[in-house]
Amino acid sequence: SERLREGLLGIPGVNLLTPLEQAGGITSFRIPEKPEGKFLEACKANRIALAKRSDLIRISPHAYNTDAEIEVVLVAIGGGGLAAGLGGFKAGGGGTV
């Protein structure tokens, strides 16, 4: 969770809603300036477990996501874009978007 939160803080336009110091595995954030719909579709297609709740996205790295999946999510949201972050990536996890 810490790696995800620190990574999200470094991406312009991402609004991290979960404080860095908060213990626990759920991380909530918004990506209002990013192509959220395409990001969510790509995560679902690659079986990266996350949840869309109202206007925020929730990821639970402690339970459902591997370190590799977290890195892919950060690349996809950040400057690498969806093609660099999720293109060709086949995650082993599973979950519901």
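**Sheet, helices and charged residues**

Author: In strand β4, leucine 56 is the bridge partner of arginine 53. Strands here are DSSP runs of type E with at least two residues, and helices are H or I runs of at least four, both numbered from the N terminus. The model is a predicted one, in which local features need pLDDT of at least 70 and side-chain atom pairs pLDDT 80 or more, while totals for chains, interfaces and linings use all residues. Residues are numbered from 1 along each chain as its sequence is written, and side-chain values use heavy atoms, without hydrogens and water.

Reader: In what sense do β3 and β4 pair, and over how many bridges?

Author: Two strands pair if DSSP finds at least two bridges between them. For β3 and β4 (residues 56–59), the pairing is antiparallel and the number of bridges is three.

Reader: In what order do the four strands form the sheet?

Author: The sheet is open and its pairing is antiparallel. β1 (15–16) and β3 (51–53) stand at the edges with a single partner strand each, so one side of each has no neighbour in the sheet. The order is β1-β2-β4-β3.

Reader: What angle does the direction of α1 make with that of β2?

Author: Helix α1 packs on the sheet and touches β1, β2 (27–30) and β4, where contact means heavy atoms within 4.5 Å. Axes are lines fitted to C-alpha atoms, for helices over the stretch in contact, and angles run from 0 to 180 degrees between N-to-C directions. The angle between α1 and β2 is about 20 degrees.

Reader: Which pattern does the protein follow along the sequence?

Author: The protein has four helices and four strands. Read along the sequence, they follow the pattern α-β-β-α-β-β-α-α.

Reader: Which residue meets arginine 3 in a salt bridge?

Author: A salt bridge requires a side-chain nitrogen of Lys or Arg within 4 Å of a carboxyl oxygen of Asp or Glu. The N to O distance in this pair is 2.8 Å, and the pair links helix α1 to helix α3 (residues 67–77), 68 residues apart. The partner of arginine 3 is glutamate 71.

Reader: Why does arginine 30 count as partly exposed?

Author: Arginine 30 forms a salt bridge with aspartate 55, with the closest N and O atoms 2.8 Å apart. Relative accessible area under 20% means buried, over 50% exposed, and in between partly exposed (1.4 Å probe, protein chains only). Arginine 30 is partly exposed because its relative accessible area is 26%.

Reader: How far from arginine 5 is the nearest side chain of opposite charge?

Author: Arginine 5, in helix α1 (residues 2–9), is buried yet has no salt bridge. Lys and Arg count as positive and Asp and Glu as negative, while His and the chain ends are not counted. A polar atom of the arginine 5 side chain lies 2.6 Å from the backbone oxygen of glutamine 22. The nearest side chain of opposite charge is glutamate 2, and its distance is 7.8 Å.

Reader: Is valine 14 buried or exposed?

Author: Valine 14 lies in the loop between α1 and β1. Among the residues that valine 14 touches are Leu8, Phe29 and Ile77. With a relative accessibility of 15%, valine 14 counts as buried.

Key: Polar contact = N/O pair within 3.5 Å; in protein donor to acceptor, adjacent residues only side chain to side chain. Lists of a residue's contacts leave out its neighbours within four places in sequence.
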